[in-house]
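Have the structure open as you read.

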Amino acid sequence: MFGHYIGKETNFYDFKYFLVKDTSEQEIYPDSYGGFFSKIAIKRYFFNNVYVSVEKISPFGYIKNDNKEMFENRMSRFFTAYFQSHNQDTTSKIRLDVYNYNRNGEFKQKHTIGYYDITNHNFIHTWK
Amino acid sequence: MNTISQQKSNFFERYFFSKSRYPNIGLIRLLLIALCMLQVFRNYRFLDVFVSIDPVRDALHLPSTLIGLFHLPFPIQKEYLSLFVIAFYTAGFFAMLGIFTRVSVFIFSIMLLYIIDIQAARGVFDHEYTLTGLVLLVMTFIPGTGNFSVDRFISWKRNKAKYSNTSFLEAMIGNPEYIWGYKLILILAACTYFTSGLSKIRWGGLAWLDGQTLTYYLDGSASPFTPGEKPMFISPPNVKEEEKWKDGFGIYSYSYGNRQQSPFWRSTGNALAASPKLMMFIAASVVIFELLGFLLLFEGWSRVIYLIGAIIMHRSIGFLMNLPFLSFQLLCFLLIDWHWVYQHLGKRLQLMIDKLFKRFKLPAN
């Protein structure tokens, strides 16, 4: 634990999910399953098993020769499983953004990673 | 040449196959399982958080290789929860008290590792229970596990010929046993501490020694109880361009939280974190201490001092971050050969201890 270095120049991030319908959007969260660690567990699960680290041989989960197609497949499975409460919102989609902060928790910028199409159960990776 | 080979052979013979009653493996079993059950009950009560969520999510949560070997339904199916809870706590009580000792210790350790595995598959790896689970698993086959048990008590009561002139305490402590089991537990603990130090250098590099990482965890930045955004994912400032393909940033890992709610300990952490030199000293001390984990494999004062140091380290992290790792503390305390310590104290201290415990005359090694 605590092995990765955190210094003054370390960048911090948070993933945020938005239910988008026409011009409106609302922040949503993965379906919880209750319990002591549920909220933090889902974040860690998502990172360890779905998003995975870009660091080579990371202890947090990495995939050798990861690519866009494999990434989209993993994300599709995750969204299908963890956003079941939005299965009925077939006219909406779920957007995934990553927010970037500095060491003091001050917001710097955000990037959109992609969209989950609720009807087709597909995640489309839109970042370049 | 023969002499060197003979010396090596003698060393290993003495190191693993000499006999001793202390530290007493049966006593470690009893107390470690008691604490483990209390902690599981405090955190999870009747284990309902380990049941199946829904088929779609369950399909994503896979067991580890060890648990996979047992081909158990993963996670616990709702209809079997009551049965599992009864089996878990019954096995725990039997293992703690020593009824069908080895069988119940084996069943309890596997059930403990099984629930840890469910939690890990869902995102949270519990470092504390993992070491406890492995130590208990080792206890199923090492000498001395049956000490301090109901099984031994029954045997003592029934088998007059075997236990003639043996007091209750002597029977519970048992005969001297091969110490390889004790050494195996020490090797597990040494690996745990050594790899913990190694991972800081492996993933954080020598920069970890500048104290900034610890400062982050102690100055309130990682506390969910202070105001402001608390993003948990991190990356260094110099991410390579080819690592940014997913999001334009390139995220490396997540950080942990400091869940200490006590205002006193939070302000103590803040005060420590305000001194960069002190944080640098603490960071360097922690890494050096953890890397010296192999000292546990040596006999004598180095092991005793290391174990006391480990208890102090866990207590400090407990105070400052609410991560006390109580079972690590208990295990370290019980791994100290207190009988050896007593023998190596000055005469005066020995007399004081004799007075305190005059009713309990312990048998020799």
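Let's start with B:Asn258: at a relative accessible area of 6% it is buried, because buried means under 20%. Keep in mind that this is a predicted model. You'll find B:Asn258 in the loop that links strand S4 (253-254) to helix H12 (263-273) of chain B.

What does the side chain of B:Asn258 reach? It comes to 3.1 Å from the backbone nitrogen of B:Gln260, and one of its polar atoms lies 3.1 Å from the backbone oxygen of B:Leu320. Here are those two side by side:

| Backbone atom | Distance to the side chain of B:Asn258 |
|---|---|
| nitrogen of B:Gln260 | 3.1 Å |
| oxygen of B:Leu320 | 3.1 Å |

Leaving out residues up to four places away in sequence, B:Asn258 touches B:Tyr217, B:Leu218, B:Ala222, B:Ser223, B:Pro224, B:Leu320 and B:Met321.

Now zoom out. Chain B splits into domain 1 (21-178) and domain 2 (195-359), with C-alpha centres 27 Å apart. Where they meet, 13 residues of domain 1 of chain B contact 12 residues of domain 2 of chain B. Together the two domains bury about 1200 Å², and 77% of that sits on carbon and sulfur atoms. On the domain 1 side, B:Tyr22, B:Ile28 and B:Glu128 lose the most area, together 36% of what that side buries.

As for polar links between the domains of chain B, there are 0 salt bridges and 3 residue pairs in polar contact. Helix H2 (25-44) and helix H7 (127-139) of chain B each supply at least two residues to the domain 1 side. By class, that side has 8 nonpolar, 4 polar and 1 charged residues.

Notes
Residues are numbered from 1 along each chain as its sequence is written. Chains are lettered from A and ligands numbered from 1 in the order in which they are written. This is a predicted model: local features need pLDDT of at least 70, side-chain atom pairs count only at pLDDT 80 or more; totals for chains, interfaces and linings use all residues. Side-chain values use heavy atoms; hydrogens and water are left out. Domain bounds come from an automatic or database domain assignment. Contact means heavy atoms within 4.5 Å. Buried area is the accessible area (1.4 Å probe) that two parts lose on being put together, summed over both. A salt bridge is a side-chain nitrogen of Lys or Arg within 4 Å of a carboxyl oxygen of Asp or Glu. A polar contact is a pair of N or O atoms within 3.5 Å; within protein, one must be able to donate a hydrogen and the other to accept it, and residues adjacent in sequence count only if both atoms are side-chain atoms. Helices (H or I, at least four residues) and strands (E, at least two) are DSSP runs, numbered from the N terminus. Ala, Val, Leu, Ile, Met, Phe, Trp, Tyr, Cys and Pro count as nonpolar, Asp, Glu, Lys and Arg as charged, and the others, Gly among them, as polar. Buried means under 20% relative accessible area, exposed over 50%, partly exposed in between (1.4 Å probe, protein chains only).
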